[in-house]
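Let's take a walk through a protein together, one kind of contact at a time. Keep the picture open while you read, and try to find each residue as it comes up.

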Amino acid sequence: QSQLVESGGGSVQPGGSLRLSCTASGFRLEYYSIGWFRQAPGKEREGVLCLRSRDVRTYVEDSVKGRFTISRDNAKNTVYLQMNSLEPEDTAVYYCAASPRDVSAVEYMCKARSYEYDYWGQGTQVTVSS
């Protein structure tokens, strides 16, 4: 069964860091474009960082720019979301998603509801609080 499994969430104080992992089974993640999304209570889901597979070009949402980065370990079939300088506003359930579809603008992967992802992780809670 092909799936994405996330890990690495937790509670952290403002200014702290977390690294989320997203591991694929049943398919090679390196051939897929990746989206990291989050959903806070009472808010719509938002794309925070997306990576286009064919050229590793990324889109980073303004509120996390300079603080969140994405990386891949193809040997582990895993992508990571490194989150630094965390703020209370970053509190949310975080999801990774994977799609084999190409896209002309990477931003579209994060912002367009019509861009389809074939696989979604189960979500992991990130809580930033003092």
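Start with the rings: Phe-37, Tyr-108, Tyr-115, Tyr-117 and Trp-120 are linked into a cluster by ring pairs. Bear in mind that you're looking at a predicted model. In the whole structure there are 8 aromatic pairs. Take Tyr-117 and Trp-120 as an example: their ring centres are 5.5 Å apart, the planes make an angle of 65 degrees, and the pair is edge-to-face. How well hidden are the two partners? Tyr-117 has 11% relative accessibility, so it counts as buried. Trp-120 is at 33%, and therefore counts as partly exposed.

Rings can also have a charged neighbour over their face. Go back to Phe-37 from the cluster: the charged end of Arg-45 sits over its ring, 5.0 Å from the centre. Elsewhere, Arg-19 lies over the face of Tyr-80, and here the distance to the ring centre is 4.0 Å.

Now for the sulfurs. A disulfide is a covalent bond between the sulfur atoms of two cysteines. How many disulfides does the structure hold? There are 2. One of them joins Cys-22 and Cys-96, with 2.0 Å between the sulfur atoms. This link connects distant parts of the chain, since Cys-22 belongs to strand 3 (residues 18-25) and Cys-96 to strand 9 (residues 92-99), 74 residues apart. Turn the model and look along the S-S bond: the angle about it is 75 degrees, and the link of Cys-22 and Cys-96 is right-handed. Both Cys-22 and Cys-96 are buried.

The other bond runs between Cys-50 and Cys-110, with an S to S distance of 2.1 Å. Again distant parts of the chain are linked: Cys-50 sits in strand 5 (residues 46-52), Cys-110 in helix 1 (residues 106-111), and they are 60 residues apart. The torsion about the S-S bond of Cys-50 and Cys-110 is about 110 degrees, so this disulfide is right-handed too. Are these two cysteines buried or exposed? Cys-50 counts as buried because its relative accessibility is 0%, and Cys-110, at 7%, counts as buried as well. If you count the bonded cysteines along the chain, the disulfides follow the pattern 1-3, 2-4.

Next, look inside. In soluble globular proteins, nonpolar side chains tend to be buried together. Here, the largest nonpolar core has 30 residues, and Leu-4, Trp-36 and Met-83 touch the most other members. Which elements give two or more residues to this core? They are strand 3, strand 4 (33-39), strand 5, strand 7 (68-73), strand 8 (78-83), strand 9 and strand 11 (124-128). There's also a second, separate core of 10 residues, which includes Cys-50, Ala-97, Val-106 and Cys-110.

Last come the charges. Side chains of opposite charge can pair when their charged atoms come close. A search of the whole structure turns up 13 salt bridges. In one of them, Arg-38 pairs with Asp-90, and the closest N and O atoms are 2.9 Å apart. Arg-38 is in strand 4 and Asp-90 in the loop between strand 8 and strand 9, so this pair ties together parts that are 52 residues apart in sequence. Both Arg-38 and Asp-90 are buried.

Now find Arg-101. Its side chain meets that of Glu-116 in a salt bridge at 3.6 Å, N to O. Arg-101 lies in the loop between strand 9 and helix 1, while Glu-116 lies in the loop between helix 1 and strand 10 (119-120), so parts 15 residues apart in sequence are tied together. Arg-101 counts as partly exposed at 32% relative accessibility, and Glu-116 is partly exposed at 48%. Arg-101 also forms a salt bridge with Asp-118, at 2.5 Å, N to O. Asp-118 is in the loop between helix 1 and strand 10, so this pair ties together parts that are 17 residues apart in sequence. With 38% relative accessibility, Asp-118 counts as partly exposed. To finish, return to Arg-38 and Asp-90: salt bridges that share partners join them with Glu-46, Arg-67 and Glu-87 into one network.

Key. Residues numbered from 1 in each chain as written. Predicted model: local features only at pLDDT ≥ 70, side-chain atom pairs only at ≥ 80, totals over all residues. Heavy atoms only, no water. Phe/Tyr/Trp six-rings, centres within 6.5 Å; stacked < 30°, edge-to-face > 60°. Buried < 20%, exposed > 50% of the residue type's maximum accessible area, 1.4 Å probe, protein only. Lys NZ or Arg CZ within 6 Å of the ring centre and 35° of its normal. Disulfide = S-S within 2.5 Å. Helix = DSSP H or I, 4+ residues; strand = E, 2+ residues; numbered from the N terminus. Core = buried A, V, L, I, M, F, W, Y, C linked by side-chain atoms within 4.5 Å. Salt bridge = Lys/Arg side-chain N within 4 Å of Asp/Glu carboxyl O.
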